[in-house]
Amino acid sequence: MNKVHKAPILSIGIVSLALTMAGRADCAVPTKLFVTALRSTDSLLCYELFELSFKHNGAYDSNFFDVALDVVYASPSGTQRRVKGFYYGGDRWKARFRPDEPGTWTYISTLTGKGGFRQQASGTFNCTTSNAEGPVRRHPNNPYRWVFANGKPYFPVGLQECVGNHGARLTNSTIDGEGRSDTGRRISWEEYFSIYAQAGFNLYRFSQKNCSYMLYDDLDRYREDESKATDELLSLAREQGFRVMFGFFGYHGDWMHESEFLRRVTRKVQKLLAMREEAISALDDHKTLAKEKRFIEYAVARWGVYVDFWELLNEREASDEWTSVIAGHVRSVDPDRKPISTSWEKPHLPAIDINAPHWYESESEFESDLRVQQQAAEWKQAGKPVIVGEQGNTGMNWDPLSGVRMRIRTWSALFQEISFIFWNTSWSKAGMFGGRYNTSRHAANIYLGPEERGYIRVLQDFSSRLDAGMHMFPVDSSRDLVRAYGLLSSRVATAYLHHFKDHTTAMRGVKITLRLPGAKRSTAELDGEWIDPSSGNVLGRVKLPPGRQTLDVPPFPVDLALLITLQRDNSNG
């Protein structure tokens, strides 16, 4: 009979476990298998990362597939959360979790290995209330907006970038190639995320096999070093305040859904001898589906603690049934049930939570707001939130007006209740294709240099004064050459104006009309500010009563924003 010897749990959180296994028939000497467990901390703030690490000396054909680690957490109120672990590398397996309830948590871990090895361990840790925002969720009343678990609004402005690795380490990135022939400055990814976070970017998209390294050689061979590099990448992003969209498969091959598999097998069995090779192919398709599900389980277990949005594919066709099956599997193994997207987009499917189109265009800067409005109206027809998974230019990475176009696009997106993830090519203004101004129709990404980062900083400073209840409302302009857009909540009213005829001469004599709800404070007079989107400077202040109002607009050459405080409240929910 096997004997289990348990060492006492030490105050530093280490548990040593040993199991004497009976030798195989061809082995003369019994093998001792050990598990040593270490927890990252005994106490942490809610939503911080709690990690269990298990050192195990078992020998397996595949450490990724022949060992299973499951942890069941019980919250202070008694709610149970099951989390799968994963093979980390060397002789280590890990399990990651973010507790969301203050108090004492308990857990039971079970590590099993092919051949009959099984060992359980238990422990406790304390979670303390924090000011962390928690995971991103769909707004309960507005299908196009996002909120954090604490009720505060989340207005995403995202980016992605080519990323490489050298072994388990990330290679440096490059930014601010201001000259069209230079290659910018090399910086670490920690500095990269810090720079763009300070500029207001708050969403990072990672998609393997998409100008990035691959996480597996094939679905039977995962890459240990690249997985560790991804740990570093996503943890650095989260440390700098980014939320993450994680793409499982990137550019990935052909699929077949389960019902199609059954139909094909049925047909092929009827012609078993004549169509033997095709029957084998159908079985292979079914095996591929199982392997895809297995990789999803690994990715959710390893990186789910860093992720707020999942993406199945990048710019690949897949059947509706495959998409529904895979999205359903993601939802079944993700304990947090994070929103799911895919590309090419399929917002008509109930299993898909986000419409994530890609949009590359180099429209006239005079039409940037209109193009956003037109696209948003189409993308929002499914009644689901819109995160444009890739946004950039065509024909060129940068030209003297691309920063202005980006500014108008992002402000317009805020007022149309959609979000962008820009494909950043910041190592040179020459971009992907070189040349001065390449006039091809190819996607050319976008250059997010100091000018562009400055514009996003102003936008996010403005957004930080909004609340979760913002929704679109009409603003009328007195001049044909100015398009006006509005957002309204019980606390704030805002407007965005674009002079779409001439960006060199200040627009004068404009009036806007809007209807404001009643004031909810001691005085009925409301305070308003005119803000320059290019600099953040306050160009003027207004005081006005609630109700229908017509306001004189100060002169402005390109665009202008208005923010009116309807209710003073320290809360931002």
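Before you click on anything, one term: a residue is buried when its relative accessible area is under 20%, exposed when over 50%, and partly exposed in between, using a 1.4 Å probe and protein chains only. Helices (H or I, at least four residues) and strands (E, at least two) are DSSP runs, numbered from the N terminus.

This is a predicted model, in which local features need pLDDT of at least 70 and side-chain atom pairs count only at pLDDT 80 or more, while totals for chains, interfaces and linings use all residues. Residues are numbered from 1 along each chain as its sequence is written, and side-chain values use heavy atoms, with hydrogens and water left out.

**Stop 1: the whole chain**

Show the protein chain as a cartoon: there are eight helices and 38 strands. Of its 573 residues, 55% count as buried. Contact here means heavy atoms within 4.5 Å. Among contacts between residues at least 6 apart in sequence, 70% join residues at least 24 apart.

**Stop 2: helix 2**

Select 224-239, which is helix 2. Its buried residues are Glu226, Ser227, Ala229, Thr230, Asp231, Glu232, Leu233, Leu234, Ser235, Leu236 and Ala237. For the length check, the expected span is 1.5 Å times one less than the number of residues. The 16 residues of helix 2 should therefore span 22 Å, and the end C-alpha atoms are 23 Å apart, which agrees. Step past the end of helix 2 to Gly241, where phi is positive, near 90 degrees.

**Stop 3: the largest pocket**

Now for the open spaces. On a 1 Å grid over the protein atoms alone, a cavity is a set of points where a 1.4 Å probe fits but cannot get out, and a pocket is an open set with protein on both sides within 12 Å along at least five of seven lines; lining residues have an atom within 4 Å of a point. Grid points are joined across faces, edges and corners, and a volume is the space filled by probe spheres set on the points.

The largest pocket has a volume of about 980 Å³. Select Pro135, Gly304, Val307, Asp336 and Lys338, the closest to its centre of the 41 lining residues. Elements giving two or more residues to this lining include helix 2, helix 4 (276-303) and helix 5 (320-333). Strand 7 gives the largest share, four residues. Colour the lining by class and you get 17 nonpolar, four polar and 20 charged residues. In that scheme Ala, Val, Leu, Ile, Met, Phe, Trp, Tyr, Cys and Pro count as nonpolar, Asp, Glu, Lys and Arg as charged, and the others, Gly among them, as polar.

**Stop 4: helix 6**

Select 368-379 for helix 6, which includes Ser368. Is Ser368 buried or exposed? Ser368 is buried, because its relative accessible area is 0%. Leaving aside neighbours within four places in sequence, Ser368 is in contact with Glu363, Arg405, Ile408 and Arg409.

The buried residues of helix 6 are Ser368, Asp369, Arg371, Val372, Gln375, Ala376 and Trp379. They lie on the same side of helix 6, because they cover an arc of only 160 degrees around the axis, where the arc is that of the directions from the helix axis to the C-beta atoms. An α-helix has 3.6 residues a turn, so residues three or four places apart point the same way. What covers the buried residues of helix 6 includes strand 27 (387-394), helix 7 (402-416) and strand 33 (492-499).

**Stop 5: the largest cavity**

The whole structure holds seven cavities of 30 Å³ or more, and the largest has about 110 Å³ of space. Select Pro156, Val157, Thr410, Leu414 and Ile418, which lie nearest the centre among its 13 lining residues. Helix 7, strand 28 and helix 8 (450-463) are the elements that each give two or more residues to that lining. By class, the lining has eight nonpolar, four polar and one charged residues.

**Stop 6**

Go to Ser343 and Trp344, joined by a cis peptide bond with omega about 10 degrees. Trp344 sits in the loop between strand 25 (340-341) and strand 26.

Next, Asp176 has a positive phi near 60 degrees without being a glycine. Look for Asp176 in the loop between strand 18 (173-175) and strand 19 (185-187); with a relative accessible area of 14%, Asp176 is buried.

Lys209, also not a glycine, has a positive phi of about 55 degrees. Lys209 lies in the loop between strand 20 and strand 21 (216-218) and counts as buried at 18% relative accessibility.

**Last stop: Tyr204**

Finish on Tyr204 in strand 20 (residues 203-207). Tyr204 counts as buried, at 0% relative accessibility. Draw a distance from Tyr204 to Arg243: their C-alpha atoms are separated by 6.1 Å, and the two are 39 residues apart along the chain.
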